[in-house]
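Subject: Structure handover

Hello,

Please find the sequence and the structure below. My notes on what was found follow after them.

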Amino acid sequence: MSFLGYQLYSWFKNTKALQVVIGLSSLGIIYVITKYFGLLMTSWILQEIGTVLFVLIIVIFQSEIRQALYRFSLLGNLFGRQEIAPQIDIPSLSSAVFSLASSRTGAIIVFQRNEPIGEYLLHGVPVDSLVSSHLIGSIFRDGTPLHDGAVIIRNGRIALASCHLPLSANAELPQHLGTRHRAGIGLTERSDALVIIVSEERGEVSLAQSGELQIIRKQEELTDTLQTLLTSQEPAIRKITFRERLFSNLFPKLFIFLLVFISWLIITSRQGAIVTVTAPLKFHNLPDSLTLVKNNPELVEVQLKVFSSLISSPKLLDISVDMDLSRIKEGQNTLNVSEENLKLPLGVVISGINPSTVRVVADKKVRKPLRVRVKTYGFLPEGFELRRVKAEPVSVMVEGPANFLTKMESVQTEDIDLADIRRTTLLTVKLVPSASQIRFISNDSVRVRLVVGTE
């Protein structure tokens, strides 16, 4: 958790989203305090606001969330990775940029670094050429087909030209900045790219990085800045050691570790609380040749030990004992109840189970036709008589335990009230199983014809 927290910090520290994170963290702290002191109304309001904010964060910061997930290169950031310096003649490039500025020719030059930027680019013409000052000057010369848009430098080569970039949504940018500057800043807000911007109106050179704009006054300053950001004073291929990554930015790492440790203490403040809950038995994987006759007991008492304050009450959890019947045989079987038969959330463990065994009786599953017996109650109105009762069909196929079905000869219908019948009637009536183990194969209802006549 400390490592993931530091990754989030590394991403947020240079973005405007940091203020949002601080605000949400403050609301979270206030919620914990109000809940601890029993301020029910305030904590309830903050909890409802938190539910809405969770949805709003996903909608508003969907691009930032996607960008953060991409930046979580866990193993690479922890054990080091190789950095390859782009093979670019930076002094020559800087000379070309200031040559464009002196002639007041607008330009945007984008350096793609670690994060891909293809999803933010619109249009664009493939170039795939080495970076040279003459080519840069030719592309941005007024009147050429590719002068309107940005040049994308990827892996030391000019990959695309005439690309359109996303505009910045920052309302605090100065009014004198035009579309070219807002496009360059907008791309750096969404990625780790570097963008050189040449102003056509003022002949000014700027460098955009992480949503910030820096004015470059001299050619040497641009050369030094690009060499610092794009290359290294050491060899072109340099491996960052685990020790360097572990001890760099030590103060933020220690602060985040302390914050995670305090959160862990709060979460585990209820360690050791034991609660007894009653869990029903559920069965699965019963062999097709067998049917379940009975089980004893039907409920099991489970003692749970709670290790987290995030779980309000284990009694509110939907806990059941799930028993596997794939290995039972005909007759009485004894099954052991263990922790594997219960699925519990994190922070809850089993302290005891009573009883620890379950007896299950299984019988051979058979099918047998049973005669349908129509059951009636009451009397027909005066002057009428019941001449005949007939069920259609006269027998139904049922399935159930062998020992139980051998004693059965018929199955009854639901009670039919004769008080409202004055003529011959055809009814659809449900069949009533004499036990829960009995199952009707085709249909659980029959048609009953009541033939009525006058006395």
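**The main core**

Of the 27 residues in the largest nonpolar core, those that touch the most other members are Ile109, Phe111, Ile196 and Val205. A nonpolar core here is a set of buried Ala, Val, Leu, Ile, Met, Phe, Trp, Tyr and Cys residues joined through side-chain atoms within 4.5 Å. Buried means under 20% relative accessible area, exposed means over 50%, and partly exposed is in between (1.4 Å probe, protein chains only). Two or more residues each are given to this core by α6, β2 (107–111), α7, β4 (150–154), β5 (157–164), β6 (194–198), β7 (205–209) and α9 (219–230). The largest share, six residues, comes from α6. Helices (H or I, at least four residues) and strands (E, at least two) are DSSP runs, numbered from the N terminus.

Leaving aside neighbours within four places in sequence, Ile196 is in contact with Val97, Ala107, Ile108, Ile109, Phe111, Val205, Ser206, Leu207, Leu222 and Leu226. Contact means heavy atoms within 4.5 Å.

**Basis of the model**

This is a predicted model, in which local features need pLDDT of at least 70 and side-chain atom pairs count only at pLDDT 80 or more, while totals for chains, interfaces and linings use all residues. Residues are numbered from 1 along each chain as its sequence is written, and side-chain values use heavy atoms, with hydrogens and water left out.

**The chain as a whole**

The protein chain has twelve helices and 24 strands. Of its 455 residues, 34% count as buried. Among contacts between residues at least 6 apart in sequence, 69% join residues at least 24 apart.

Two packed helices are described by the angle between their axes and the distance between the axes. Axes are lines fitted to C-alpha atoms, for helices over the stretch in contact, and angles run from 0 to 180 degrees between N-to-C directions.

Helix α6 (residues 90–102) packs against helix α7 (residues 133–140) at an angle of about 30°, and their axes are 8 Å apart. That makes α6 roughly parallel to α7. The classes are roughly parallel for angles under 35 degrees, roughly antiparallel over 145, roughly perpendicular from 65 to 115, and oblique for the rest. In the contact, α6 supplies Ser92, Leu93, Ala96 and Leu100, and α7 supplies Ser133, Ile136, Gly137 and Phe140. By class, five residues of this contact are nonpolar, three are polar and none is charged. Ala, Val, Leu, Ile, Met, Phe, Trp, Tyr, Cys and Pro count as nonpolar, Asp, Glu, Lys and Arg as charged, and the others, Gly among them, as polar.

The axes of α6 and α9 come within 9 Å and cross at roughly 135°. These two helices are therefore oblique to each other. Ile90, Pro91, Ser94, Ser95, Val97 and Phe98 of α6 meet Gln219, Leu222, Thr223, Leu226 and Gln227 of α9. The contact of α6 with α9 has six nonpolar, five polar and no charged residues.

**Backbone points to check by eye**

Most residues other than glycine have a negative phi, and most peptide bonds are trans. The exceptions listed here are two cis bonds and two positive phi values.

- The peptide bond from Asn296 to Pro297 is cis, with omega near 0°; Pro297 is in the loop between β11 (290–296) and β12 (299–306).
- Asn354 and Pro355 are joined by a cis peptide bond with omega about -5°; Pro355 lies in the loop between β15 (348–354) and β16 (357–373).
- Arg104 has a positive phi, near 55°, and sits in the loop between α6 and β2. Arg104 is partly exposed, at 44% relative accessible area.
- Asn155 has a positive phi, near 55°, and is in the loop between β4 and β5. Asn155 counts as exposed, at 72% relative accessibility.

Leu46 lies in helix α3 (residues 40–60) and is buried, with a relative accessible area of 16%. Leaving aside neighbours within four places in sequence, Leu46 is in contact with Leu27, Ile30, Tyr31 and Thr34.

Gly400 lies in strand β19 (residues 395–401) and is buried at 2%. Gly400 and Lys365 are 35 residues apart in sequence, and their C-alpha atoms are 5.4 Å apart in space.

Regards
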